[in-house]
Amino acid sequence: MTATYDQIGIDYANLRRPDPRIAAPIEQALGPAETILNVGAGAGSYEPHGRQVTAIEPSVEMIAQRDKGAGPAIQGSAEHLPFDDNSFDAVMAVLTVHHWSDQAKGLSEMRRVSRGPVVILTYDPTFRGVWLADYFPELVTLDDGQMPPLEVYAAALGPVDIVTVPIPADCTDGFLYAFWRRPEAYLDPKIRRGMSSFWRIAGVEEGLARLEADLASGAWASRHADLLDQSSYDAGYRLIINEG
């Protein structure tokens with residue numbers, strides 16, 4: 001994934017700005033932890049302020065985009081965390097587990113180095129509610145192949161709470177399904193550039209053409225009129241919490 005994110009990571013910090021309404025449940029789940037490890041940290045999204053955060057991230061491009069005031073970042077992978085057992089009060093990972101080469105090992109490593117909570121924001125691959133797959137059906141196949149089923153987390157971490165994270169209609173982050181009420185955003189190549197899924201599927205141009213036509217004709221708005229009045233939406237994102 002290093003090479004991939006060295007490409008995707010260009011301007012990533014601007015495309016993927018953390019949304020405070022998503023940050024709130026993550027911070028709540030971290031509890032009073034003072035020392036936190038952020039695994040697969042990217043450019044540092046959702047790292048809580050006022051705490052001692054250490055980041056580990058495989059891509060040098062992503063590390064370079066971290067804020068100057070952010071905590072130290074180490075180039076490395078989830079599967080081989082270079083820390084002793086129980087090194088941190090809590091460990092977090094945000095929209096990254098699907099990129100790991102050995103997800104079970106990475107999760108076990110998170111549990112090993114945390115003496116408190118393990119908090120993970122991920123996507124439920126069984127969720128089928130987002131309309132984007134109507135235009136890009138390859139997304140379903142991709143998610144089925146790369147997103148771990150939710151039962152994997154309990155198997156690796158022990159008992160977990162699974163919390164739905166609603167996505168605001170005006171979400172400031174630019175992850176794949178963040179634009180559920182702003183379909184025209186997917187026509188912008190700059191916005192798509194920050195979404196790893198669009199780098200991995202075929203048929204993108206065909207899907208974009210159909211989406212553009214449906215937006216122009218009003219077919220999209222007619223088909224999804226129920227979404228237009230919603231201020232937030234369950235797009236399949238889940239917070240996995242193991243208390244330790």
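Begin by selecting α10, where Val204, Gly207, Leu208, Leu211 and Asp214 are buried. Seen down the axis of α10, these buried residues fall within an arc of 130°, so they line one face of the helix. This is a predicted model, and everything pointed out on the tour should be read with that in mind. Helix α10 covers residues 204-217, and from its first C-alpha to its last it reaches 20 Å, close to the 20 Å expected for its 14 residues at 1.5 Å a residue.

Next, go to α7 (138-146), and select its buried residues, which are Leu139, Leu142, Asp143 and Gln146. Looking down the axis of α7, you will find these buried residues within an arc of 95°, so they line one face of the helix. An α-helix has 3.6 residues a turn, so residues three or four places apart point the same way. The face of α7 turned away from this buried side carries Thr141 and Gly145, both exposed, while the buried residues pack against α5 (103-113), β5 and α6.

From here, widen the view to the largest nonpolar core, which has 51 residues and in which Ile26, Leu132 and Tyr237 touch the most other members. At least two residues of this core come from each of α3 (20-30), β4 (90-94), β5 (118-123), α6, α7, α10 and β9 (237-242), and it is α3 that gives the most, with five residues. Centre the view on Tyr237 and show its surroundings: leaving aside its neighbours within four places in sequence, Tyr237 is in contact with residues including Leu95, Leu121, Tyr123, Val163, Phe175 and Tyr177. A second, separate core of 21 residues can be shown in another colour, and among its members are Ala78, Val91, Val97 and Leu150.

Now display the aromatic rings, among which a search of the whole structure finds 12 aromatic pairs. One of them joins Tyr123 and Tyr177, a tilted pair with 5.4 Å centre to centre and 35° between the planes. This pair links distant parts of the chain, since Tyr123 lies in strand β5 and Tyr177 in the loop between β7 (167-168) and α9, 54 residues apart; both tyrosines are buried. Then move to Trp131 and Tyr135, whose rings form an edge-to-face pair, 6.0 Å centre to centre with 85° between the planes, and which are likewise buried. Selecting Trp131 and Tyr135 together with Phe136, Phe179, Tyr186, Phe198 and Trp220 brings up a cluster linked by ring pairs.

Finally, zoom out to the whole protein, whose secondary structure comes to 11 helices and nine strands. Its radius of gyration is 18 Å, close to the 18 Å that the globule rule gives for 244 residues, so the protein is as compact as a globular protein of that length. Its C-alpha atoms fill a box of roughly 60 × 35 × 30 Å along the principal axes, and buried residues make up 53% of the 244 residues.

How values were computed. Residues numbered from 1 in each chain as written. Predicted model: local features only at pLDDT ≥ 70, side-chain atom pairs only at ≥ 80, totals over all residues. Heavy atoms only, no water. Helix = DSSP H or I, 4+ residues; strand = E, 2+ residues; numbered from the N terminus. Expected span 1.5 Å × (residues − 1). Buried < 20%, exposed > 50% of the residue type's maximum accessible area, 1.4 Å probe, protein only. Arc of directions from axis to C-beta. Core = buried A, V, L, I, M, F, W, Y, C linked by side-chain atoms within 4.5 Å. Contact = heavy atoms within 4.5 Å. Phe/Tyr/Trp six-rings, centres within 6.5 Å; stacked < 30°, edge-to-face > 60°. Rg over C-alpha atoms; globule rule 2.2 N^0.38 Å.
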